[in-house]
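Me: I've got a model open and I'd like to talk through a few of its side chains. Can you take my questions one at a time?

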Amino acid sequence: MIHIELAIIWYSSLVLAAFSIACMLTLILNRLITNRQTLKRRSRQAVLTEYLLTKDTDEDGGQELRAFTQSPIVLALTISEISTMMRGPAFDGILSRLKALGAEPRLIRLLSSGAPQSRVVAAEALAYFPSDAVRAALWKAYARRAPASQRIIIAQSLVLAGARPELADFFAHLDLTRSEDLADMTALFTSIAMQNPEPVIRRAKIAYDPPEVRAALLRTLGNCGVVEAIELLMRDARDASPVIRAAALDAIGEIGFLPDISALSEALTDDASEVRAEAARTVGLLVEQSHLPDLIRMTSDTDWEVRFRAAKSIAVFGEDGIAALKQIAAKTDNHHAAATAQLALDEAAA
């Protein structure tokens, strides 16, 4: 009986070992096939890119170019690569040649691929084909279940392809509470604001979204230099949330224009350290000389970021600022203020 049990265990071990070896060989074979396909794809992409960049016309009626564009994914990757090299009439000419060979419907079909990466590549290429059919296909792809990062790439392509949606149309398919998706969402806000900032302003005005999302909207308006958003930013500089107040002040500083400095004056004594820090930075960006005494006082703040931002902004005021920093650095009764002032002086001299 014992011999039978040992034989069963032995045969089971052999079967498991054989199964493990088979799985390992399958993985190795799959990796080899994938690597070969990748190399082949890159080779075709390089040939197609060179052809499009070196030949302005297709003398054979497009037959050679048609042969190079048999693979939709190679076509999509090539368009995206060339878009990083050129813009304007030359790039438009390449797109026209590809469109004449039926590139658009083939990329739309690739957008329905079961492979997520293929859908992303197709979406990036379709951004340069601003037709109703493309926008409809991109909307359909955006509505499909997918990670937020992929959805946002498709949304950016929609904007570049000429769609003019409200942010609510995009937010309906995003989880605004996921902080890890905020960077991707900010990229989307920027794409929209660069084309037309009004949807971003309208969304920020309703103050409906979570504070982190609202803050990203405000910072986007600042980074894009949207002067039309100043009234909104002045309002939000007094918002109940310190996250919003800090973001509004940051945006005001980036725009570099503030018709009424009362909100900035209040922020310099805000209870929240992040707001005081942004206010100090904004004073420097706006070069508000009247607030130089406030900045000098803030070099003694209990928060390091506030002290450093204040000292950096003091250095902006030329000889007066440098003289003030030297006086602070020479103090012996406040080590923190002196050290921060000296750091700002060192950076100013570098």
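Reply: Aspartate 132 and arginine 135 both sit in helix α7 (residues 132-143), three residues apart, about one turn of the helix; helices here are DSSP runs of H or I, at least four residues, numbered from the N terminus. This is a predicted model, where local features need pLDDT of at least 70 and side-chain atom pairs count only at pLDDT 80 or more, while totals for chains, interfaces and linings use all residues. Residues are numbered from 1 along each chain as its sequence is written, and side-chain values use heavy atoms, leaving out hydrogens and water.

Me: How far apart are the closest N and O atoms of aspartate 132 and arginine 135?

Reply: A salt bridge needs a side-chain nitrogen of Lys or Arg within 4 Å of a carboxyl oxygen of Asp or Glu. Aspartate 132 and arginine 135 form one, with the closest N and O atoms at 2.6 Å.

Me: Is glutamate 278 buried or exposed?

Reply: Buried means under 20% relative accessible area, exposed over 50%, and partly exposed in between (1.4 Å probe, protein chains only). Glutamate 278 has a relative accessible area of 9%, so the word is buried.

Me: Which residues join glutamate 278 in one salt-bridge network?

Reply: Arginine 309 forms a salt bridge with glutamate 278, closest N and O atoms 3.7 Å apart. Arginine 309 lies in helix α18 (residues 304-314) and glutamate 278 in helix α16, so the pair ties together parts 31 residues apart in sequence. Through shared partners, the network joins Glu278 with Arg219, Asp250, Glu254, Arg281, Glu305 and Arg309.

Note on methods. Helices (H or I, at least four residues) and strands (E, at least two) are DSSP runs, numbered from the N terminus.
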